[in-house]
Structures are given as C-alpha cells and as structure tokens.
Amino acid sequence: MGERLQTDVLVIGSGPSGAVVTHTLASAGVDVVCLEQGDWINPSDFGTNEPEWELLIQQQWAHDPNVRKAEADYPVEVSDSDMWPVMLNAVGGTSLFYGAEWVRMLPSDFRLRSCEGIADDWPISYAELKPYHDEIDAFLGVSGVAGDPAYPEGLDYPLPPHPIGKVGMKAAEGMNALGWHWWPGANAIAVDRHKTLERCLRHGVCEWGCPAGAKASFDLIYLPQALAAGAKLITGARVSRIESGTDGLASGAHWIDREGGENFVAAKAVVVCANGIGTPRLLLLSGGPAHPDGLANSSGLVGRNLMLHPNCTVTGYYEDDLESWKGPAGETIHSMEFYESRPEHSFVRGGKMNVLPTPGPLAAIEAHRDQPFDQLWGPAFADVAARHRSGILWATNTEDLPDEANRVTLDPALTDGDGVPAPKVDYRIGDNTRAILDFHVARMTEIHEASGATETIPVGLWVDQPGHLLGTARMGEDPGRSVVDSYGRAHDVPNLFVADGSLFVTGGAVNPTATITALALRVAKHIVATGAEIPTSTGAAR
Amino acid sequence: MSVRPLSEAEREALVAAADALCGGGRLSAPSATPGYEEWLERALAARADAFEEVVAAAVALDGLSLEGRREALRRMNADERPRFHALSSVVAGAWLLVPEIAAALGYPGQVAAPAAFDEAATQLETGILDPVIARGPIYKEA
Ligand SMILES: Cc1cc2nc3c(=O)[nH]c(=O)nc-3n(C[C@H](O)[C@H](O)[C@H](O)COP(=O)(O)OP(=O)(O)OC[C@H]3O[C@@H](n4cnc5c(N)ncnc54)[C@H](O)[C@@H]3O)c2cc1C
C-alpha cells in the first residue's frame, strides 16, 4: 500500500469543472485534494511552438487519445460508434485543446419538454444559472460584445472583443446579404493581460495549445488560484475506483501512481469531474455492496444518454487575402439563426454555426484530400497550399437529443496502462441529427456563396472531433429518471457529486464549457453552503 | 532527430516521392529546393510513429519514372489511404516547411500578431453589425 491521505473533499479530474470546484472549495477554506491522471504541460511545450506543428498535431499532439497514446491517456473503444470522442488528459484537462468559444445555452434549452414536448426539462433555468455564468466570466476575463439579440437582455462580457479579422468581416458580409443573425464571437481568450493569463498574440493555434498562455485553459487560470488558496493537486494519479461502504456512502478513492503503486485518499465527500466519458467509466468501475450495478446507478442511467454534438463544416476559399493564418481560433463570429425548432423544418431543434480561420498550408492540403488526385498533387500542389491565406471555416455544432442507446459502458477486454477497464462508446447518429447536419451543410454553403467564395468543401460529419462529452450522469428531480439532483448530488449516494458535462439533461447546441463551469460553480457553492449537513461514511477515516 | 539515420537510397526515394507529389508547379521541386532534406528529417521526426511506413512506401516507388511514381501514388491514394496519408503528409509537409517555399506561399508561420488596440472597434464601426441590431431580438421566450 502506497500513500494514504485524508481530506474533506476529494475532486477527481482537473479540467475546467474540477478546477472550478477545487478553487471554490479551497477559497472557502475547505480542505480539498484534486487527483489528476495527467501532468502539467507548459505553454512552451506545445507542438504549436514548432514550425512543423501541422505534422506534430497528426499524432504526438492529436486530439484523439487513441491516436496520441500518451502515458496519461486511456483508450476509448469506438468500434461501435459513429464518432470518436476526443479529450486531453492533463492538468487543466481538455481545455488545453479547446477553442475557448465561450457561449451560453439559450433559455429554451432548459425547457424542451415544457415548450416542445421533447426529451426532459432541466431542473434549473437559464435565469438560475446566469449569476454563476457571470461570476465565471468575470474570473476568466471572457471577451465579447454585449447585446447579442439571440439572448435575453443582460448578457455582457467583462473584456472587449477580439477583432473579427478579415475572415469574420467576409463571413459577416454573407450573413448580412442573407439577412441572418450573426454576432462577434465570445471567447475565453484574454484580449489583454488578465489575472494569470497573458495577452492574446493571435497565434491562431488555440485548439492545439496556446503558445502565449492567453487562452483560458484551466491549468493557467482557476487552478493556480486554487493552489494559492491551499488546495492540494496530485498529478499522475489515476483513480481506479471510488470506495463506498455498506452504508452506501463514498469514503474516498483508490489511485494508481506512475510507478504502478496503489494509493488511497479518504474523504468526507467526493466530486467527480472526469468528463462525460471518464465520469461514467469511474462510476461503473466503483460498484460496491450497496451499489451492485456501479456507484449511483440504481436508475441504470449512468453512461446512458451520451450526447456528442456532431459537427459539420464547409470550408470556403476566396479570391481575397483573408490572412486566415491569424487567430484567435476561437470563434470569430457565430450565428443562432437556425438554433431553434421551426415549423418549416423536417427536424426539431437545430445548430449553432460559427466561423474560424484556417491556419496552415498543410491544412489547405488536408481540406482538399478528397479532390481528384491531379487537382491536388503534382503541379497543382503549390497553388492549393497557397489557398491557406484565403480560407474561412464555417462549422456547425448540432443538437443531438438524448437517446438511452447512446452510451458509455466498460469494455470487457480493453484496459488502460494500469490494467483498469477502458470505456466503450456506443453512439449512433439519429435521423433528426442527420437532418440537422445536412440542413446546415446546405446553409453554410449558401453563406459562402453569399460572401463570394470561389470554392467550397463540405464535410458532412467530423468523425473525430466530438470534444463535447455530455449527458452520462444526468440531473433531475426524479431518481428513477436521473442520476444526480440539480446540485450534482447523486440520488443514491448523498456525499457523492458530479460536476462535469455528464450532468446535461439535453445538450443544447452551444459549445458546452461555459455551461459546464457555471454548473460546477453551482455544485461547489452548494457543497460549501451545506457541508456540515453532508452525511459522512463511517468508512471515512476521520 | 529521426528514429534512425536514413540510408542514401531511402533518402533519394523520399525526395523522389516528394518531387512526384509537389513538383512540376510554379515553384522549384523538392529535389531542387535547397534545405529540403534537413526539413525532411524534421518532418520524419514529427511523425516518428509512421517513420518505417513512410520510408517503405517511398522505397516501393524505386526505379519508376516521375510519371510512373505519380501513377503509383495515384493508386496508393485510392487503395491505401492511411499509407498515402502518412507518406504525403511527411514528404510534402517537409517541403512546405522550407522557409523559401513557405514565403513563396505567403505563409508567415503561426507567428505572434498582436492586435492594434482599436482594431476590433474599427471593424465594428464600419456598421457591419447594424442590420443585425436593426432586426431586433430573435431569442425565444421559454
Ligand atoms: C479540440 C477541442 C475543441 C474544443 N473547443 C471548445 C470550445 O471552443 N468551447 C467549449 O465550450 N468547449 C470546447 N471543447 C470542449 C471542452 O474542452 C470540454 O467541454 C471541457 O474541457 C470539459 O471540461 P471537464 O472538466 O468536464 O473535462 P476535461 O477537460 O476533459 O477534464 C477531465 C479531466 O479528468 C481527468 N481524469 C479522467 N479520469 C480520471 C481518473 N480516472 N483519474 C484521474 N483523473 C482523471 C482527465 O485526465 C482530465 O484532465 C473542445 C474540445 C476539444 C477536444
């Protein structure tokens, strides 16, 4: 037996959700330990610092853990899935790779059952979540423009917007010609120095690691403040199982260090922040005498209702020099024009469209891979590569509705490097989502045409780009239809909480991390407020 | 830097594959681009995972004319996508890394390009957002 620690609250995972929970608890004087299977990555370590960054992101710095295969990664079995979930296992979690598009859900997202008879309502509303959003935005220094008409009044940002650039201006011209909604992007990327973040230098490689330390990845903001407030972070610590006693309460967690040693942290309460794949994996790994089907799983819903926001894109190329290598990326502009259900559509709900630049000449080559050979290779090659300066990427994040058949289970054979069973993902794209994808490919092509594109390249589905991992430990008031309550507290285990994207009841169609962190803040404040009332396992060594 | 040193024959095969994939256009072919071979080493190191596969794919084209190599690559692209992807990314990607080639293609690299303090405001002051604002709220009450 290796190290044995004791703490009041144990947080598992140090991504955005874990960082917010850890910080909130530590700042309130709570004794907190955060276990993270990954390591610190310095902004100067990213492949994006090198000229050959476009090759480095193909494998060593790939988004897909099954391709990257780093020591901290665990494999994800995807042979029965239409998409391959991606993530980063490091201090700060997947936020080191995210685009930091910082977009809130809309009021309708919380009330689909009441308003449209679809899926389930959330147990909280847009208005209830708003103060938590505002607090997170202020902490991160989110940049954007107030007054987006797609939102109720009162949505403002603490820092001014980034330039939308030639890319954003050109895209906006097309939207204005069509009369469709658009708004300058909201991004958690510091437009100026802010707390522990540096100023954005528009390197344009946000999604593969910001070399400037300007993007709000949670190793750079929230975690440093959490550590300063007294939290303890243990890296290289892979949690293999949350322990629970005969009383059914959580008593701590077992973790494996890099030498393969087994360790234990005893805790009065446990908060799981391992993302929409890692969290159900861990709960399913943690069955006990009182929890024969996995921890907190009396509803059978742990791992079910996985939502991945399938993405489609249309890249357009233009005559003009758009300086498409320039960042941030980040969204330059977004559109909620087709976000809501409309009577004339053959599908319900919709998508959020946004624009990104297209940095790098090899990216221009990759975009053209499906063209006939002689239009790309040989004499044509240099001219295609040169198009990198004049590209615009329109992308749509679609709303995939919850479906119990889309789920995370434990693979019977595959394990991670420590022999812990790996998650298996079963995910099929439903007809409704397929219709939303097709519709948006057509609309994004139309927008490019309205903006004057000379060439458009559609991708109907980005198979390896779902970094939005949602719904696998859903919130609700009914223990038969949900895993946790609106404060993330497991119905079955009153001292166990979930605070990541697993909580989502429906997925909305916006990039989820603004909502994930607002929820995490709400969970953490509730723990602080009710700490004395949280029951403690007799198994906890305190 | 690479997984192992390349033999002369392997180096020549990789450069010949690069010529077939990127040569013949308005810029000098890889074999005629000074510095290409150093960048090739760096590209191979970046895809160390695919080193042997890339080298073997290039060597398999040995002895073919430029047109013969293109034809073989055309077939590889159709029938062995992952192999072609690795080979083409490395040998063509290396050529894009040569500073003279990058410059000729207008690529500065992902360099720091801080925004002027008034750049965002200047763009919005063009009135580009006015039609969106004039349309008024579009959100749905719930
Ligand atoms: C390429 C890409 C672009 C994205 N862009 C955006 C965007 O623009 N806007 C947006 O809102 N979202 C974006 N996302 C999604 C965003 O990254 C996630 O929503 C966010 O990181 C989720 O935070 P989290 O804390 O819930 O999980 P994560 O960030 O995934 O962190 C979970 C952490 O838990 C750790 N962990 C898991 N299991 C264990 C275990 N057993 N033991 C110990 N540690 C464990 C992991 O190592 C990891 O560090 C993007 C994602 C990707 C991949």
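A salt bridge here is a side-chain nitrogen of Lys or Arg within 4 Å of a carboxyl oxygen of Asp or Glu. With that rule in hand, look at A:Glu50, which pairs with B:Arg42 in this predicted model; the closest N and O atoms of A:Glu50 and B:Arg42 are 3.1 Å apart.

Residues are numbered from 1 along each chain as its sequence is written, and chains are lettered from A in the order in which they are written. Local features need pLDDT of at least 70, side-chain atom pairs count only at pLDDT 80 or more, totals for chains, interfaces and linings use all residues, and side-chain values use heavy atoms, with hydrogens and water left out.

Let us stay with the interface. The contact (heavy atoms within 4.5 Å) takes 66 residues from chain A and 58 residues from chain B. Chain A and chain B bury about 5200 Å² between them, 63% of it on carbon and sulfur atoms; buried area is the accessible area, taken with a 1.4 Å probe, that two parts lose on being put together, summed over both. On the chain A side, A:Leu55, A:Arg369 and A:Phe373 lose the most area to chain B, together 13% of what that side buries.

Which elements of chain A give two or more residues to the side that touches chain B? They are H2, helix H4 (112-116), helix H6 (165-178), strand S3 (183-184), H9, helix H10 (373-376) and helix H11 (381-386). H6(A) gives the most, with six residues. Helices (H or I, at least four residues) and strands (E, at least two) are DSSP runs, numbered from the N terminus.

A salt bridge within chain A is also worth a visit. The side chains of A:Arg349 and A:Glu116 meet at 2.8 Å, N to O. This pair links distant parts of the chain, 233 residues apart: A:Arg349 sits in the loop between strand S9 (333-335) and strand S10 (351-356), and A:Glu116 in helix H4.

On a 1 Å grid over the protein atoms alone, a cavity is a set of points where a 1.4 Å probe fits but cannot get out, and lining residues have an atom within 4 Å of a point. Grid points are joined across faces, edges and corners, and a volume is the space filled by probe spheres set on the points. The count comes to three cavities of 30 Å³ or more. The largest cavity has a volume of about 80 Å³, and of the 14 residues that line it, the closest to its centre are A:Cys200, A:Arg202, A:His203, A:Cys206 and A:Cys210.

The second largest cavity has a volume of about 70 Å³, and its lining includes A:Ser143, A:His162, A:Asn187 and A:Pro328. A:Pro328 brings us to the backbone: the peptide bond from A:Gly327 to A:Pro328 is cis, with omega near -5°. A:Pro328 lies in the loop between strand S8 (311-317) and S9 of chain A. A:Gly330 is in the loop between S8 and S9 as well, and the peptide bond from A:Ala329 to A:Gly330 is cis, with omega near 15°. Most residues other than glycine have a negative phi, and most peptide bonds are trans. A:Asn305 has a positive phi of about 65° although it is not a glycine.

Definitions and conventions: On a 1 Å grid over the protein atoms alone, a cavity is a set of points where a 1.4 Å probe fits but cannot get out, and a pocket is an open set with protein on both sides within 12 Å along at least five of seven lines; lining residues have an atom within 4 Å of a point.
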